[in-house]
Amino acid sequence: MPSLQSASNVKANGSPNGDRDLAKYGRGSAVWLKEHGGEDDGNGLIRSKQDRPLSRKINVSVAILAPYRLLIFFRIVVLGMYLAWRIKNRNEDAIWLWGMSVICEIWFTFSWLLEQLPKLSPVKRTAELAVLIDKFETVSPQNPLGRPDLPGIDVFITTADPDKEPPLVMANTVLSVLAADYPVENLACYLSDDAGSILTFETMAEVASFATVWVPFCRKHNIEPRGPESYFSLKKDPYRNKMRPDFVKDRRRMKREYDEFKVRINALLDTVRWRSDAYTAREESRALRRHRELYGDEPIERPKVPKAIWMADGSHWPGTWMNSSPHHTYSNHAAIVQVMLKSPSNESVQGKNEESRCLDLSGVDVRLPMLVYVAREKRPGYEDNEKAGAMNALVRASAVVSNGPFFLNLDYDNYVCNSRAFREGMCYMMDRGGERVCFVQFPRRFDGGDPSDGYAGYTNVVFEVNMRALDGIQGPVYLGSGCLFRRMALYGFDPPPPQERHGGCCRCCFPRKPKNPGGVDSDEERQDSRREDEKILSTYQKRFGNSASLIDSIPMAEFQRRPLADHPTVKDGRPWGALTTPHDPVTQSMVADAVSVIACSYEDKTQWGRRVGWIYGSVTEDIVTGYRMHNRGWRSVYCVTNGDAFRGTAVINLTDRLNQILRRATGFVEFFFSRNNPLFITPGMKILQRIAYLNLSTFPFTSLFVTVYCLLPVLCLFSGQFIVQTLSVTFLAYILILTVTRCILAILEIRWSGIQLVDWWRNEQWWVIGGTSACLAALFQGVLKVTTGVDVSSNGTKTSADGDESSEPHGLKWTWLMIPPITIMLVNLIAIAVGVSRTINSSSPEWSKLLGGLVFSVWVLIHLYPLAKGLMWSRSGGKTPTVVFIWSGLIAITISLLGVVLHTPSGDHRIGGSITFP
Ligand SMILES: O=c1ccn([C@@H]2O[C@H](COP(=O)(O)OP(=O)(O)O[C@H]3O[C@H](CO)[C@@H](O)[C@H](O)[C@H]3O)[C@@H](O)[C@H]2O)c(=O)[nH]1
Ligand SMILES: [Mn+2]
């Protein structure tokens, strides 16, 4: 009997609950256990509906993991022995060469350790969507109406500039969020427009109107993905699995609606200009009339009406104007909050067969989630803190409007590709033990990109290998977009203590016990509690600022984020149905509160950006923000959905790729030199997690050693020396073992992660290319910024979505970043030529050293191959190709000459047998 078998297995395995009464669990089943990868909650039996876990952890099979770990330890030992041997056996003929190479190798060993150790226990996870729906949205005795009892999610989208970030792309992102498959009444979408641009505002108004057909269409026909642009450009057959007879008609209709929508968006600039001109003309004629009334036809100068941007309701646009005017520029404009779609009712609203719209929506829920446009105030003299500042403004504005206990952030070009993604993320948050999860990061996937070669290999390794590895420790790092947060964690609160579930999150912050309904408080108690309340209020004001509604919203979010009290072990749970009550409608005073918390002076003398919210002061605010939460002891989860959750636009050419690495690496250097350096002792973080962060922050430093190491073969070939004195058997054996173990490790990694060999190899190559170009520049930039305060860092990463002509697959702008790797390539080529001709002319002992140098040089060149290919394949879009080449060539020749002059053995002036020096 399977049930008994499974039960006895569990007992034999020494489960803590092995001795429980079997009968009370209903039917046990071995099949269920097997299907579910052996992951259980400690008693290993089929659980009642409420007991089923919302997610499963799938450990990597022991057959892969055991040899993987063993090999890592073996390689560590061999590396130790190798380094000891290297230090002991100096190359007396060329001490400098030996010294440089040994120092580099010691650093590489160190950085390899930092990279490898966090990969010791990778995991994979899957979410149980069916269980989530069963538990929170299905009719049951506790939930008689079957209303969704899921906590609210606020989705934050940021956009900075409609010229660089096309409104149409942003519109698609917003539409995909509005159409996402999550209870509408618990979903809200906020768009932050840093430019305060009327174009973005009007686009949002168009979106709100188009969504009334697009979203029901998606629901009716189960459309996937739910961004119209990506849906209509799908390559696969749109009619697959579609059986409703009216689908063809509806789809055709929607396609037309969408095309018209696009045209309206494209025409917005003209519409706004035309409208503004009309209003301005009207104002002018009014002024003229007034002028006439006052002065008649006297020749007094007529009043000038400044050109303004007008909204459709006949008032001045408070944001940025196209013609520059004081108080209406990018960095100097008012705060704007506009609710574009108000929060929907709790009851489902069925659509009708509307003849006018030609779309039969009967039986389809036509409600839309709340949609809010937010432009934070910007004034000269106040730091805007870029994206981090925009995010914090959104956090506060949303707190006083919808106050979702969870929120998800997306870049303007990252749309929802899998409509169930929000629910999947929620599975991890609502799961048993999920109360210690601060965020759920989804992998960042991309449309487009360069299919032939792709710098994709590089990111695949990060998303498939590194992130999964971190998930087995304390959780993945936060990567800027596609991440579901717990509001309380972002507010800087500590996680609830592990295991013990009572007390709950932030006990220190919410110490008030629930009022005892029967008992009467004594005067003393009442006074005590009042004093305590005042104390809390004042700490809150120092931390979060002075808004009373913001502070009031915090306990609400704390309550709503709680797990359901469906099990005796859940001590701080919320009762069933607590989240099914209707929301308060959005009122004028709420909007006024929202405007006040996005004022530019709101953050003065508060902890925003330092302890609370997104952390300021880094070009890559994401890493630091995630780090701060891990440091407090929170854990995070990596959520890979079946079908990409979100997709962005890829970086498609070499220049953009290098600039992207530059930006990331600059952030890492800043991270290293900040007070958030992972070396500092903090008890909340696990040791391997700390090593992983240390690996990130020291990663740019590796570039110095990589660059030096890539020049070593050149020195070898010119001097006729090698990094070791002779190519002894011991040396060769070490190299062989180290290389072979490295390759086997890679193969095992490929096995447990599912990446391709080519991805791994690209990653290796980019380690060298990035190391000799962008990382090196980042290191200098970072050190410069830290030591002198001079900031030369670049702007955001360009992608194919950004409205820039040069972003095409083979488009290439020459940057100074390319000089070092091109130089390295050229000198190595020269060195190989020199080396080969020397080999032909040399006596036997020198011969083996030259051979060593040649192999070394070839090793460098094959790593730089994608760069060479990228250069050859590109159509140059820039002005200075020759300058970069001439510079690289000049440096290469100088290095070569220096090598020749300094290291030609005295007495033998022959180089390569042909050139001779006097
Ligand atoms: O002042 C600003 C600057 C940027 N953004 C928005 O921030 C997002 C990312 O900015 P972008 O300039 O496109 O930078 P990227 O280099 O593409 O961004 C990468 O790097 C950032 C910093 O590490 C991460 O936050 C991003 O998620 C990640 O995609 C975009 O939606 C922007 O609209 C603002 O809202 N305000
Ligand atoms: Mn971007």
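Modeller: Let's begin with Asp622: setting aside neighbours within four places in sequence, Asp622 is in contact with Tyr478, Leu479 and Gly480. Contact means that the C-beta atoms, placed from the backbone, lie within 7 Å. Keep in mind that this is a predicted model, where local features need pLDDT of at least 70, side-chain atom pairs count only at pLDDT 80 or more, and totals for chains, interfaces and linings use all residues. Residues are numbered from 1 along each chain as its sequence is written, while chains are lettered from A and ligands numbered from 1 in the order in which they are written.

Biologist: Okay, where is Asp622 placed?

Modeller: Asp622 is in helix H17, residues 621-631. Helices (H or I, at least four residues) and strands (E, at least two) are DSSP runs, numbered from the N terminus.

Biologist: And why does Asp622 count as buried?

Modeller: Asp622 counts as buried because it has 23 C-beta neighbours inside 10 Å. The cut-offs are 20 or more other C-beta atoms within 10 Å for buried, 12 or fewer for exposed, and partly exposed in between.

Biologist: Which residues does UniProt give as "active site"?

Modeller: The unreviewed UniProt entry places that feature at Asp194 and Asp622. UniProt positions follow the numbering used here, feature names are shortened, and annotations may be inferred rather than shown by experiment.

Biologist: Tell me about Asp194, then: where is it found?

Modeller: Asp194 is in the loop between E4 and H7. Asp194 is buried, with 25 other C-beta atoms within 10 Å.

Biologist: What about strand E4, mostly covered or mostly open?

Modeller: Mostly covered: E4 spans residues 187-193, and seven of its seven residues are buried. On one side these are Leu187, Cys189, Leu191 and Asp193, and on the other Ala188, Tyr190 and Ser192.

Biologist: Which strands does E4 pair with?

Modeller: E4 runs parallel to E3 (residues 153-159), joined by seven bridges, and parallel to E8 (residues 370-375), joined by five. Two strands pair if DSSP finds at least two bridges between them. Leu191 stands opposite Ile157 and also opposite Tyr373 in E8.

Biologist: Switching to the whole sheet, what is the strand order?

Modeller: This open sheet of eight strands runs E5-E8-E4-E3-E9-E13-E11-E14, with mixed pairing. E5 (336-341) and E14 (635-638) stand at the edges with a single partner strand each, so one side of each has no neighbour in the sheet.

How values were computed:
Two residues are in contact if their C-beta atoms, placed from the backbone, lie within 7 Å.
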